[in-house]
Amino acid sequence: MIITVKTSTGSYDIVLERGALNKLSEICDVKKHALIVTDDGVPPEYSQIVLKQFENSVIKTIPQGEKSKNFETYKELLEIMCENDFSRYDCVVAVGGGVVGDMSGFAASTYMRGITFYNIPTTLLSQVDSSIGGKTAIDFGGYKNIVGAFYQPTKVIIDPEVLKTLSTRQFNNGLAESIKMGATSDASLFELIENKNAYDEIDKVIEKSLLVKKAVVEEDEKEQGLRRVLNFGHTVGHAIETATGLGDLLHGECVALGMLAFSSDNVRTRLAEVLKKYSLPYAINITPEELTNALRHDKKADSVGVNAVEVSDIGKFNFRFVEFSEFDEIIKEAYIN
């Protein structure tokens, strides 16, 4: 299946197909000089499969986890391309999850003012969310994605076969993003995850999640309006990441927790049951004061409060500006019973 995403700078294809990893010569320009970026948590066989198909390539393996998404790693990627005489006609290929994709995309966006970027997401979270939409970034000063750029991939290759090597925790971590998209924008997706076994229905879950994000990104490429809906769970989720220390909880686990804060009672009840079903967290051990302080540093916040996404019914959402003075009560209602 090919899903085409149209943006102001052109369009690109998402190739969703089992076995696609072994067909890159049919999908990508494999004659380009390629920097293949992966991490040590990704089975090395995946980057080796990519290496064998690109005629002239080099692999850079970074340490797994959010703590690698920094200026030092970004500098290392640029140094490799300079040392290997990469030109503006060459490419960066990400083989991994969201950290690898964000790092690789940011390096591709800035090297010689932008070179070809192929994204091959190997986690469910990156397949359904971070691999498309053009957000690239690194963390800085303890804050997530504070330095970055909008830079669309040249092509995204999604092979559900690679998910077989994911741990259950990592699978569920990615599923949180699909739960988010269903909760805000597609009741049938939410019900599929809620009532069936998502592991058995994963190809359909990926497809329906991608169609939600495609529709949002095409209408609002640079988050001037509708795209803010994708932040459901993220505003509080990012604050939880900051308050607990980057890397202590997985990104999707924080998003799962964050969704509970801005849901109606009925939605919160259904969400909590789905989170329990897939072993995602639904309670936190953080004081309201700690969480509110972290929220103040959200890049979307101003001195008074932050724009939030609320879900009153599954498949429907609205935007609301929430003042920081309101958060104590919101946090207590969502997490303290």
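Buried means under 20% relative accessible area, exposed over 50%, and partly exposed in between, with a 1.4 Å probe and protein chains only. The model is predicted: local features need pLDDT of at least 70, side-chain atom pairs count only at pLDDT 80 or more, and totals for chains, interfaces and linings use all residues. Residues are numbered from 1 along each chain as its sequence is written, and side-chain values use heavy atoms, with hydrogens and water left out.

**Aromatic pairs**

Rings of Phe, Tyr and Trp (its six-membered ring) pair if their centres lie within 6.5 Å; planes under 30 degrees apart count as stacked, over 60 as edge-to-face and the rest as tilted. The structure holds 9 aromatic pairs. One of them joins Phe54 and Tyr118 in a tilted arrangement, 6.2 Å centre to centre with 50 degrees between the planes. Phe54 is buried at 3% relative accessible area, and Tyr118 is buried at 4%. In the pair of Tyr199 and Tyr278, the centres are 5.9 Å apart and the planes at 65 degrees, so this pair is edge-to-face. Tyr199 is partly exposed at 35% relative accessibility, whereas Tyr278 is buried at 2%. Ring pairs also link Phe71, Tyr74, Phe106 and Phe140 into a cluster.

**Charges over rings**

A charge sits over a ring if NZ of Lys or CZ of Arg is within 6 Å of the ring centre and within 35 degrees of the ring normal.

| Charged residue | Ring | Distance to ring centre |
|---|---|---|
| Arg228 | Phe319 | 4.2 Å |
| Lys276 | Tyr282 | 5.0 Å |

**Cysteines**

With a disulfide taken as a pair of cysteine sulfur atoms within 2.5 Å, the count is 0 disulfides. Cys28 is in no disulfide, and its nearest cysteine sulfur, that of Cys91, is 7.8 Å away. Cys28 is buried at 9% relative accessible area, and Cys91 is buried at 0% relative accessibility.
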